[in-house]
Amino acid sequence: MKATRTILIGLVSVAAALAAGHLVAGIVSPLASPFLAVGNTAIDLTPHPVKDFAIRTFGENDKLVLLGGMAVVLVALGVVAGLVSRRSPWPGTALAGVLGLVGIAAVLARPTTTAWSVLAPLASLVVGVAAFRWLWSQAPAVAPGRRRFLLSAAAVAGGAGVAAVGGQWLAGRVDVEASRRGIALRPGETAPGIPFGADFSREGTPTFLTPNDEFYRVDTALTVPRLRAEDWRLRLHGMVDNEMVLTYDDLLRRPLVEKTITLVCVSNEVGGPYISTSNFIGISLPDLLREAGVRPGADQLATRSVDGWTCGTPVASIMAPGSNAMLALGMNGEPLPLERGFPVRMVVPGLYGYVSATKWLVDAELTTFDGFDPYWAQRGWAKKAPVKVMSRVDRPKSFERVPAGRFVAAGIAWAQHIGIDRVEVRVDGGPWQPATLSTEVNVDTWRMWRVELDLKPGSHTVECRATDRTGYTQTNERAAPVPDGATGWHSMVFTSVA
Ligand SMILES: Nc1nc2c(c(=O)[nH]1)N[C@H]1C(S)=C(S)[C@@H](COP(=O)(O)O)O[C@H]1N2
Ligand SMILES: [Mo]
C-alpha cells in the first residue's frame with residue numbers, strides 16, 4: 001500500500017486515541033488525560049540538571065516546550081506506525097498498543113489517580129488500535145477505492161476533533177472563574193500602607209509590591225488545577241487532638257488578616273529572579289494548629305496540593321512567636337489568582353517556597369520529619385530550608401554602558417524574618433562602602449539599597465553583600481542552589497563611558 005495512505009492512517013489514529021482519552025478524562029478526572037499524565041510524569045521523572053536547564057533556557061515557557069516536544073514525538077510515532085504497516089496492519093497495531101500502555105502507566109503513576117481515572121487511557125488504547133485497524137481495512141490497494149478511504153479518514157479525524165473539544169469543555173465546565181469572582185475578602189486587620197521611600201524603583205529596583213501578574217511563578221503543574229472555592233475542603237489530621245475538615249466558608253468566618261510578605265524560591269542562582277512581594281490575605285496558621293491541638297513529637301506539617309505535589313514545613317517555624325504563617329486566600333486585595341493556588345495556599349515567612357508555600361492546598365497532616373519525605377526532599381533537596389541572607393544588584397545591568405562620573409547603583413537585599421542591618425557595595429575590589437537602605441516595611445519583606453558611585457571611564461565590576469540583624473554577613477563562598485539555597489556575592493560587570 002502507498003506510504004502516504006498508511007502515514008495518514010497512523011496520524012489520524014494517534015489523534016483519535018488522544019481525543020478519546022481527553023474526552024473520557026473530561027468526564028472522570030481532567031488530570032487523567034493521557035497526554036497530560038505523560039507530561040506530568042515526565043516532569044516528575046526528569047533529573048534535576050535537565051529540569052534546571054529547561055527552566056534556565058525556556059523560563060516560564062518550559063511547560064509549553066515540553067508539551068510541544070511531546071506533540072512532535074507523537075506525530076513522528078504516527079508516521080513510523082504508518083511506514084512500518086505498508087504490508088500488514090500488525091506492526092502499527094503493536095505500536096499503538098505500546099503507546100496505549102505508556103498512557104495507562106503514566107496515569108497510574110499520578111498521585112491524583114482514582115479507580116475511574118484509568119478509563120481515560122484505556123479509551124485511548126482501544127480507540128487508537130481500533131481506528132488504526134479499521135482505517136487500514138478501508139484503505140484500498142488500488143486507485144478506485146480512494147475516495148471512500150479518504151472519507152473514512154476524514155470521519156475519524158472529525159470525530160477526534162469533536163471529542164477533543166468536548167473533553168476540553170467538560171474539563172472546563174467547573175466554572176472556577178465565576179467562583180473566584182464571587183468572593184470578596186475583607187480583612188479585619190489590613191497591612192500598613194507601604195511607606196514613601198520603601199523602594200528605589202526609579203533607580204532600577206523592583207516596585208515594593210509585585211503586581212499579581214508579574215509575581216514569579218514556580219511549580220510542577222502542567223495545567224493549572226481548577227478547584228472551586230465551594231468544593232474546596234482542607235483535611236487537617238495526623239498527630240492532632242482534633243481532626244478537622246474545613247470549608248472555604250469556615251475560613252471566611254475566622255479573622256482575616258493582611259500581611260506584606262516576600263516569597264523567594266530556593267532554585268535562584270545568586271542574583272536570580274524568583275523573588276516577589278505581596279499583601280497576602282489569609283487566616284493565622286498557628287491559631288488553627290493550636291485549635292487542632294498538635295501532639296508532642298509532631299515536628300513536620302506535611303501538606304499536599306490537589307495535583308499531588310507535597311511539602312514539609314517545620315512545626316516549630318509555624319508556631320514560633322510572631323511567625324506570621326498563614327493560609328492565604330488572597331493577594332493584593334483580590335482572591336488568589338488560579339496559578340497562585342486558588343482557592344487556598346500556605347505562606348510561611350522565613351522559609352523557601354518549596355518547604356512552605358503549598359498552592360491548591362487540600363491536605364495537612366501533622367507528622368514527623370522521619371515519617372515523611374515530601375516531593376523535593378525525594379529529589380535530593382534539603383528537608384529544612386530557611387531563607388539565606390542575600391543581596392542582588394539590579395542596576396547596573398550586566399554589561400550595561402553607563403555614563404562616567406556620578407552613577408547610582410541599586411538593588412535588593414533580604415534576610416527574611418530576621419531583617420537587614422546593612423548592605424555594602426564595592427567597585428573593582430576596592431573598599432566596601434555602605435549603601436543607603438529603603439524604609440523598612442517589616443522583617444518578612446525585601447529591602448532596597450542604593451549607593452552613589454563616582455566612576456572613571458572603563459570596565460568595572462560592582463559587588464554587594466548584606467548583613468542581617470544578628471550581625472551575620474553573607475558569605476562569598478559559592479554554593480549552588482541544591483540542596484538548600486545558593487550563596488555568594490552578586491557581582492555585575494559593566495562599562496562606564498566618558
Ligand atoms: N502545589 C504546588 N505548590 C507549590 C509548588 C508546586 O510545585 N506545586 N512550588 C513551590 C515553590 S518551589 C515555590 S518557590 C512557590 C512559588 O509560588 P508562586 O508560583 O506563587 O510564586 O510555590 C510553592 N508551592
Ligand atoms: Mo521554589
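Which residue in E19 stands opposite Arg 401? Thr 495 in E19 takes that place. This is a predicted model, in which local features need pLDDT of at least 70, side-chain atom pairs count only at pLDDT 80 or more, and totals for chains, interfaces and linings use all residues. Residues are numbered from 1 along each chain as its sequence is written, chains are lettered from A and ligands numbered from 1 in the order in which they are written, and side-chain values use heavy atoms, with hydrogens and water left out. The domain assignment of the protein gives domain 1 (3-171), domain 2 (201-379) and domain 3 (390-497); such bounds come from an automatic or database domain assignment.

**Domains**

- The C-alpha centres of domain 1 and domain 3 are 51 Å apart.

**The sheet with E12 and E19**

- Helices (H or I, at least four residues) and strands (E, at least two) are DSSP runs, numbered from the N terminus.
- Five-stranded and open, one sheet runs in the order E12-E19-E18-E14-E15, and its pairing is mixed.
- Strand E12 (401-403) and strand E15 (433-434) stand at the edges with a single partner strand each, so one side of each has no neighbour in the sheet.
- E12 pairs with strand E19 (residues 490-497) in the parallel sense over 3 bridges; two strands count as paired if DSSP finds at least two bridges between them.
- Strands of a sheet pair through backbone hydrogen bonds, either parallel or antiparallel.

**Backbone features in loops**

- Most residues other than glycine have a negative phi, and most peptide bonds are trans.
- From Arg 395 to Pro 396 the peptide bond is cis, with omega near 5 degrees, and Pro 396 lies in the loop between strand E11 (390-395) and E12.
- The peptide bond from Val 482 to Pro 483 is also cis, with omega near 5 degrees; Pro 483 belongs to the loop between strand E18 (458-468) and E19.
- Asn 332 is not a glycine, yet has a positive phi of about 50 degrees, and is found in the loop between strand E7 (326-331) and strand E8 (334-335).

**Ligand 1**

- Around ligand 1 there are 19 residues, the closest being Tyr 216, Thr 220, Arg 340, Arg 345 and Lys 359; a residue counts as near if one of its heavy atoms lies within 4 Å.
- A polar backbone atom of Tyr 216 is 2.6 Å from an oxygen atom of ligand 1; a polar contact is a pair of N or O atoms within 3.5 Å, and within protein one must be able to donate a hydrogen and the other to accept it, while residues adjacent in sequence count only if both atoms are side-chain atoms.
- A nitrogen atom of ligand 1 lies 3.2 Å from a polar side-chain atom of Ser 305.
- A polar backbone atom of Ala 357 is 2.9 Å from a nitrogen atom of ligand 1.

**Pockets**

- On a 1 Å grid over the protein atoms alone, a cavity is a set of points where a 1.4 Å probe fits but cannot get out, a pocket is an open set with protein on both sides within 12 Å along at least five of seven lines, and lining residues have an atom within 4 Å of a point.
- Grid points are joined across faces, edges and corners, and a volume is the space filled by probe spheres set on the points.
- The largest pocket has a volume of about 1100 Å³, and of its 49 lining residues Pro 30, Leu 31, Pro 225, Arg 226 and Val 306 lie nearest its centre.
- H2 gives the most to the lining of the largest pocket, with 5 residues, and domain 1 and domain 2 each supply at least three.
- The second largest pocket holds about 960 Å³ of space, and helix H3 (48-58) provides the largest share of its lining, 7 residues.
- Domain 1 and domain 2 both give residues to the lining of the second largest pocket, so this pocket lies between them.

**Cavities**

- Of the 15 residues lining the largest cavity, Asn 268, Glu 269, Tyr 352, Met 390 and Trp 414 lie nearest its centre.
- Domain 2 and domain 3 both give residues to the lining of the largest cavity, so this cavity lies between them.
- The second largest cavity has about 40 Å³ of space, and its lining includes Trp 414, Ala 415 and Arg 447.
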